[in-house]
Structure formats: structure tokens, C-alpha cells
Amino acid sequence: MRLSWLLLPVLLCQGLLPWALGQNVSAPQQSQLVEGTLRNLESQLNRAKALEEQSQKRIRILNQELSRLSSRVENLLKEKARLEGEITRLERERAALSRQIAQLKEEIRRTEGRIAKLEMDLESLKERLQALMRNLHREKAGRYLPLLRAQSFTDLAVRARWVGYISKRDADLVRALQATLKALREERERLSLLLADLTAKEKALGETQKALEGQKRELEATLSSLEREAQGKRALLRDALQERGRLQAELAQLQARVLAERQRLLELKRQEEERRRREAERRQAAAQRAPREASVVVPPPPLPATVGRLAFPVPGGRILVPYGQEGPFQVIQGPAPGSPVQAAAEGYVAGILYLPNLGYTVMLAHTETLSTVYTNLQEPLVQEGQRVERGQLLGYTGGGLLIRPEELEFRVAVRVSGETRFVDPSAYY
């Protein structure tokens, strides 16, 4: 931005130079900005508090879930210990049954050996008896003939009794062997039934033990799943605690910023009240000086003959605020926002200044002693140093933030005896 020698005193006189140097926010506007910042910070603080409450609630829920999981794991561990004790007892019972079964098998083996030996003895005896019976039959056959030739009844009775005794003795021996063999077979059958019963019991115990071991494996799988779930919950709890710590730190920072902004707002309000008090005193003093100064007001000097009368800068507009009421300028209201602004007379563009709150300010130099200033323009349609004609379009209103978009601040500066001052533009229309 380049200012001409003529524009610099004009800006200094009209109070625009402090804006150009960065002091472009008044105390009320600063208060509004601080209040907006404070509202934003309080909104952020409320959101952070809500998030912190949600984090606290999540932490409580996670702690409850971890407590529930711990209780369930403890109950499952007790059930597992009970199952392991039951499995150990069944293993001892199976071991005892296995020893009994082994003893029964050994006894059955010995009994079967005795039965086999007796059967062999019985077969051998049968063979001997059969041979004996054959011999006896032959012998008896040989004896029957003498028996038939017995001379007396006594001789016949003695011979018959002897033959019967021999037959009876053979039959008793066979029956004794058969009875012993039968007893041994019954003992083997009893032992076999007992073995089958013990084997069935062992099988039942094995199936029960297998079922308990299956339950134990299911418990171990459930415990493993619960442990993984607990680990996940603990990880979530750690994250929630870290998030809560971060939110609490953010809350502390936001509370500190809110407190600082509130103090700043109070200070700005105090400064604004002080400024208003001083402004009231200044106005009162100015009102008291007004009668004395009115007698020494210098009328605007006549325009150079080469310039003539000034053209009204906003075609179709009207003077909204007269010169001197709000400052050394006129406020001209255009027909609508973005009204066209024209050059009041022939000249050249002496300077262009942009301030966000005031928009573009264009200064035209008409002669060495006359210049006009146009404030609240959008981006100008002319360039610095450019020659302009009377009525040439300079731009459109509505470039500033603090001035309504249909208004123009219009100034006329004259240079008399080396001093630049503003005058009432209405004297030159």
C-alpha cells in the first residue's frame, strides 16, 4: 500500500491512520469479540464436560463388567477345582477296580487251570475206567459162568456181592470227579460274572471320568474366553482412563481460558465505561466551547474555476448524516446495497487504502489544493495514479464491515496556507 503526500495528512486528520497501522478494533467491538470467544469457549467447556461425564460413566460400566467377570471366573475356578477332585477320586476308584479285575483274572486263570487239569484227570480216569470196565466185563463174563455153576445159594450170594461192590466203587469215583469239576465250573462262572460286573463298573467310571474331563475342558475354554474378554475390558478401561485424563486436562485448560476471557471482558467493559465517561466529558466540554468557537468558524474557500461544482458522488442517493454530526464527513445513502460511486470531479487517483472494517478508501486529487475521499467501497474499478473524469465510475458501496452496504462516507479536503483540513461537501454541490 502506497500513500501519497496528500493522502497521509488527510487520513491522519480523519482518524483512519490508526486503522491502517493495525488498531482497527474499537473497545465495543473488542467486547463483542471477547463475548463471542467466551461463548465459544463455554460451549466447548460444556461439550468437554459432557464427554468427561460419558467417560466417567463408561469407566464405571467397565469396572462393573470387570467385577462381574472376576466373580464369574472365581466361580468357574471353584467348579474346576471340584471337577478335578472328582476326577482324582474316580481315577483312584478306577485304579482300585483295575487291581480287583487283575486279581479276578488271575483267580479265573488259576481256576481254569484247575478245571483243565481235572478235565484231563477225568478223561484219563474215564479211559482207565472204560478199560477197567471192559476188563471187569470180561472178568465178570468169565465169572458169571462159574456163578451159574454155583453149588449152593451162599456161594451165589457171595459172588454177586463182590461184583456189585466193584461196580459201585467205580461209579462213586466218577461221580466225585464230576461233582468237583461241576463246582470248579460254577466257581469260574461266578468269577466271570464278578469280572464282568467289575469291568462294567470300570467302564462306567471311565465314561464318567471322560465326561468330567470334557466338562473340565469346557470350563478351561470358558475361562480362557473370559480371560481374553477381561483383557479386552482392561485395555478399554486403560484407554478410558487415559481419555478421561486428557478430557480433564482439556477441561482445566478451558476453565482457565474461560476465566481469563471473563476477566478480559470485565476489563474491556471497565475500559468501555471509562471511555464513555471521558467521551461524555469531552462532549460536554465541546458543547461548552461550541458557542465561543461558532463565532470564529471559517467558511469553506471557493472552488478553483477549473473544477466548477462537484458532482453528487452517489447518483440517486441522499445525505443521511450531515457533515460534522458524526465526524468531518458526510454519510450518503445510496438507493440500494452496492450503489455505484462516481468521481465528484476530474482528477487522478492519489491513493487506495483497504481496511476490512471500512472497505476500500479511494482518494482523488483534483488540484494541488482540492481532493475528495470515498470510503466503504468494494474493490475499486480504478488504479492508483489513473486519470479519472468527472462522473467516472469508481466502484460500488458495501466493502466494509462496520458501515452499512448502501452507505458512503464522503470527505472533501482543501489545502489553505500549507494546512490540509476537511470542509462541508454541501458547499460545493
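**Reading the calls in a predicted model**

Author: Lys80 forms a salt bridge with Glu220, their closest N and O atoms lying 3.7 Å apart. The model is predicted: local features need pLDDT of at least 70, side-chain atom pairs count only at pLDDT 80 or more, and totals for chains, interfaces and linings use all residues. Residues are numbered from 1 along each chain as its sequence is written, and side-chain values use heavy atoms, with hydrogens and water left out.

Reader: Why is the pair Lys80 and Glu220 called a salt bridge?

Author: The term asks for a side-chain nitrogen of Lys or Arg within 4 Å of a carboxyl oxygen of Asp or Glu. Lys80 and Glu220 have closest N and O atoms 3.7 Å apart, so the pair qualifies. Side chains of opposite charge can pair when their charged atoms come close.

Reader: What does the pair Lys80 and Glu220 tie together?

Author: Lys80 lies in helix α3 (residues 27-148) and Glu220 in helix α4 (residues 153-294), so the bridge ties together parts 140 residues apart in sequence. Helices (H or I, at least four residues) and strands (E, at least two) are DSSP runs, numbered from the N terminus.

Reader: What makes Glu220 partly exposed?

Author: Buried means under 20% relative accessible area, exposed over 50%, and partly exposed in between (1.4 Å probe, protein chains only). Glu220 has 33% relative accessibility, so it counts as partly exposed.

Reader: How do you know that Arg190 and Glu187 form a salt bridge?

Author: Their closest N and O atoms are 2.5 Å apart. Arg190 and Glu187 sit three residues apart in helix α4, so about one helical turn separates them. Arg190, at 43% relative accessibility, counts as partly exposed. Glu187, at 27%, is also partly exposed.

Reader: Which other salt bridges are there?

Author: Among them is Arg234 with Glu227, at 3.0 Å from N to O. Arg234 is partly exposed, at 34% relative accessible area. Glu227 is partly exposed too, at 35%. Glu86, Arg89 and Glu93 are linked in a network of salt bridges. A search of the whole structure finds 21 salt bridges.

Reader: What makes Ser55 buried?

Author: Ser55 has 7% relative accessibility, so it counts as buried. Ser55 is placed in helix α3.

Reader: Which residues does Ser55 touch, leaving aside its neighbours within four places in sequence?

Author: Ser55 is in contact (heavy atoms within 4.5 Å) with Ala240, Glu243, Arg244 and Leu247. A polar atom of the Ser55 side chain lies 3.4 Å from the backbone oxygen of Ala240.

Reader: How do you know that strand β6 is mostly covered?

Author: Strand β6 (residues 370-377) has eight of its eight residues buried.

Reader: Why are β5 and β6 called paired?

Author: Two strands pair if DSSP finds at least two bridges between them. Six bridges join strand β5 (residues 359-365) to β6, and the two run antiparallel, so they count as paired. Ala365 stands opposite Ser371 in β6. A hairpin joins β5 to β6 through four residues.

Reader: Which way does β6 pair with strand β9, parallel or antiparallel?

Author: Strand β9 (residues 407-416) pairs with β6 in the antiparallel sense, over six bridges. Thr375 has Glu409 as its bridge partner in β9.

Reader: How many helices and strands does the chain have?

Author: The secondary structure comes to four helices and ten strands. Of the 429 residues of the chain, 32% count as buried.

Definitions and conventions. Polar contact = N/O pair within 3.5 Å; in protein donor to acceptor, adjacent residues only side chain to side chain.
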